[in-house]
Amino acid sequence: MTRSADRSAPDFVPHAAETVREHLTAAAALPDFLAGAGTLTLAERRLIVDQALLMLDQNYVHLPLKSAMYAVNPVQRLRVLRRRLERQTEETKPLEWLFHAELSEIFHSVRDLHTNYLLPAPYAGKIAFLPFLVERYEDARGEHFMVTHVAQGFSAPGFAPGVEITHWSGVPIAKAVDLNAARFAGSNAAARRSRGIQSLTLRPLVMHLPPFEEWVTVTYLDAEGTAHELRESWRIVDNNLLPSFVRAAAPTGAALAVGLDLDMDEANRAKVMLFAPKVVARQQALEAGEAAPEVRAGEISSSMPKVFRAQEVQTAAGTFGYIRIFTFHELNVEGFINEFVRLLRQMPARGLILDVRDNGGGVIWNSELALQTLTPRRVTPEPTQFINTPLNLRICRRNQEDLGAWLPSMEQAVEIGATYSSAVALTPEDGANAIGQQYDGPVVLITSARCYSATDIFAAGFQDHQIGPVLGTDENTGAGGANVWEHKHLVDLLTGDPETPYRPLPKGAGMRVAIRRSLRVGSNSGTPVEDLGITPDVAYRMTRRDLLEGNADLFERAGEILKGLTPHGVSITDATAADGALRLKVKATNIDRLDVYVDQRPRASVDLSDGQADVTVPDAAAAHLARVEGFAGGELVATNTAQLN
C-alpha cells in the first residue's frame, strides 16, 4: 500500500472560468475558518430558541405526523433547552458550536428537509468540501462506491474518476455511509442513505456544522487494483458563484409558493462550481449580457444553463430527446415555462427522457405548470393545507390577497376543532391548463432519492396524471410534500401588527418551516407526499458505466421503455376561413377519433383511418381559437391548439 502526501492546500490549475480558479484557490483550511467562528451572546441564543419554539409549535404543518412516525417531541426539547439557557450566564454558557449542534439536532429529529435551523455567520453561505465526488453503483458483486469527479488541479497517485473507495478514515465505506446517513435528515431510508453519500465530500454549512475531523483518510484501489491511501483536508469556501434565490424575494407570489430542499440546492451549486466550471462561466456571461461560451457537442444551448440541459441521445432502441431539469427554483415563472417549451419543441417526436434526479425543488408553480406541456389531459394541481393554529389564522387574516382561500375553513376550525384547513391548490388550475400539451411523444421520467419538494410534487403529478412511466434509480423519491416558508417571511407577513410574536434573528441566523402540506390527486387523491414520496413504476440501479460514461446504461433502459410505448400525435397543419366556415387540415399519428373545439365549444367529431382529416366547421369564420383532441381506443391521447385570429 502506498501513501500520498497530505494535500491540505491543493493547487487548483486554471479552470475554464478564471473566476472559479481564483475562488477555489482562496478556500480556507478548516482550522483557520473555525478560529473566527462563535460570536452569539446568551441573549441572542435565547432569542433564536424562542423563535424556533414559536415556529415548530404554531406554524409547522407536519408536527402531528412527525411526532407519531418518529416518536419525537421537538417542542418539548426546545422548552428544555430554553430553560437551560435561562440558568446560564455569559461566563457559564457552553461553546457556541455545542449550541448550534443541539438546535440542529432538534430540527433534524423530525426528518424534514423543509424544516431547518440555518446557522448564522460565519457559517451561512459557506460550503465545506473535499475536491472529489463519490457515487454509488451496483453490479453482480454488490454495491460499490466510486470516485466520479475530481476538481481540476487535484491529483494523487492513481486517483482519478473510476477508482473504488474501500475505506473512509479506516471504516469500511458502506458502514461509513450508513453512519453518515444517520446524522442527516431524510424522510425515508433511501433519502437518508443518499444524503450520507453526498455528505462524504460536501457539507453546506448553512445547515450543518463543519466536519468534526480536520481531514479524512481515504483508502482506494487504482485502475490496476493497487491499494493507496490519501489524506485530504477539508476546505471552506463561499458558495456564491451561482446565485441562490432562496432569500431574495419579498413574501408574495412565487416566493410564497416555494418547495425547496435548501441543502440540495446548496450542494448542487457547489458541485457545479467544483466540477462544471463551464456552466458557471455560461451563467455569468448570460447574466452580464455577454455571449455565452459554446455548449458541448450535441447539446442544445439554453438561456437557463443552471436550470436545463437538453440534447438528443442515441440508444439501441432509437434516438430520443433528453432534458435534465436541475432545479425548479426560478422566480421568473413565465421565463421558466417558456424556456421549457422552447426546448420541448426541439425534441424528436419518438420519445423524451425527462430527468429530475437530484433536483431539490424550487417554485411549486414551475413544477405544476410544466405538467400540462406533456399531457392532453386536464391537470389538477395538488391541494395544500395549513395546520390550524391561532397564529396561522392570524397570518391568513392579515394577508388575504395571497392566503384568503384557506381562511374560511381556518375560522370554522375554531368551532369544530379540525386539525387542518381545507385543501386548496397553490397553483391556479386555469394556469395549470392555460397552454396545454406542447410535446405529444411518449415521456419517461427519471427520479432519484434526492428529488425533493417541488420535484416530489412534479413526480407525483406526472404519475397521478398518467403522463408516462417513472423510472427510479432509488426505491423512492426524497418524500418532501410541503410548501416551505422562511422565518423572515413570517416576520414580513405580520409587519405592522403591534402584537406580532416574530422577531428578527441575529447575525444572519435563519429558520425554515414546512407551512402547507401537499396532497396527491387522481387515484391517489388525499394521500400526503411527505414521508411517503413517489414509488417509481420501474426500478433501476446505477451501473459503473452510468457513472463513467454519461448514464449510458440508464439511457438504454429508458430507450427500451420508450420503444415499448405507442407514440400519438395530432396537429393542425392549416386553418382557413371561407364562406362563413372554418376549414381545418389535421395530421394525426395513431389516432382513431378526432374531436374539434372552436372557441372552447365542441363543434365536430370525425373518425380517422389514414392519419389525416379535413374538417369543416360552419358558422366559424370569425373564430379565434381551434383545439383538436385525438383519441385512441376511446382514450384521450393527444391535443393541439391553434390561434386563428
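**Figure 1. Ser104, a buried residue in a helix of the predicted model.** Ser104 counts as buried because its relative accessibility is 8%, where buried means under 20% relative accessible area, exposed over 50% and partly exposed in between (1.4 Å probe, protein chains only). Ser104 belongs to helix α6 (residues 96-108); helices (H or I, at least four residues) and strands (E, at least two) are DSSP runs, numbered from the N terminus. Apart from neighbours within four places in sequence, Ser104 is in contact with Tyr117, Leu119 and Met207, contact meaning heavy atoms within 4.5 Å. This is a predicted model, in which local features need pLDDT of at least 70 and side-chain atom pairs count only at pLDDT 80 or more, while totals for chains, interfaces and linings use all residues. Residues are numbered from 1 along each chain as its sequence is written, and side-chain values use heavy atoms, with hydrogens and water left out.

**Figure 2. Strand β16 and its two partners.** Strand β16 (residues 318-325) has six of its eight residues buried, so the rest of the structure largely encloses it. Strands of a sheet pair through backbone hydrogen bonds, either parallel or antiparallel. Strand β15 (residues 308-315) pairs with β16 in the antiparallel sense over eight bridges; two strands pair if DSSP finds at least two bridges between them. Within this pairing, Arg309 stands opposite Arg324 of β16. β15 and β16 form a hairpin, with two residues between them. With strand β17 (residues 352-355), β16 pairs in the parallel sense over four bridges. Here Gly321 stands opposite Leu352 of β17.

**Figure 3. An open sheet of three strands.** The strands run in the order β26-β27-β30, and their pairing is antiparallel. The edge strands, each pairing on one side only, are β26 (569-578) and β30 (612-617). From one strand to the next, the twist averages 20 degrees; axes are lines fitted to C-alpha atoms, for helices over the stretch in contact, and angles run from 0 to 180 degrees between N-to-C directions. Nine bridges join β26 to strand β27 (residues 581-589) in the antiparallel sense. Thr576 has Arg583 in β27 as its bridge partner.

Figure 4. On a 1 Å grid over the protein atoms alone, a cavity is a set of points where a 1.4 Å probe fits but cannot get out, and a pocket is an open set with protein on both sides within 12 Å along at least five of seven lines; lining residues have an atom within 4 Å of a point. Grid points are joined across faces, edges and corners, and a volume is the space filled by probe spheres set on the points. Two cavities of 30 Å³ or more are found in the whole structure. Two or more lining residues come from each of α8 (189-198) and β9 (202-204), and β9 gives the largest share, three residues.

**Figure 5. The second largest pocket.** This pocket has a volume of about 520 Å³. Among its 22 lining residues, those closest to the centre are Asn433, Ala434, Ile435, Gly436 and Thr641. β31 (625-632) and β32 (635-643) each supply at least two lining residues, and β32 gives the most, five.
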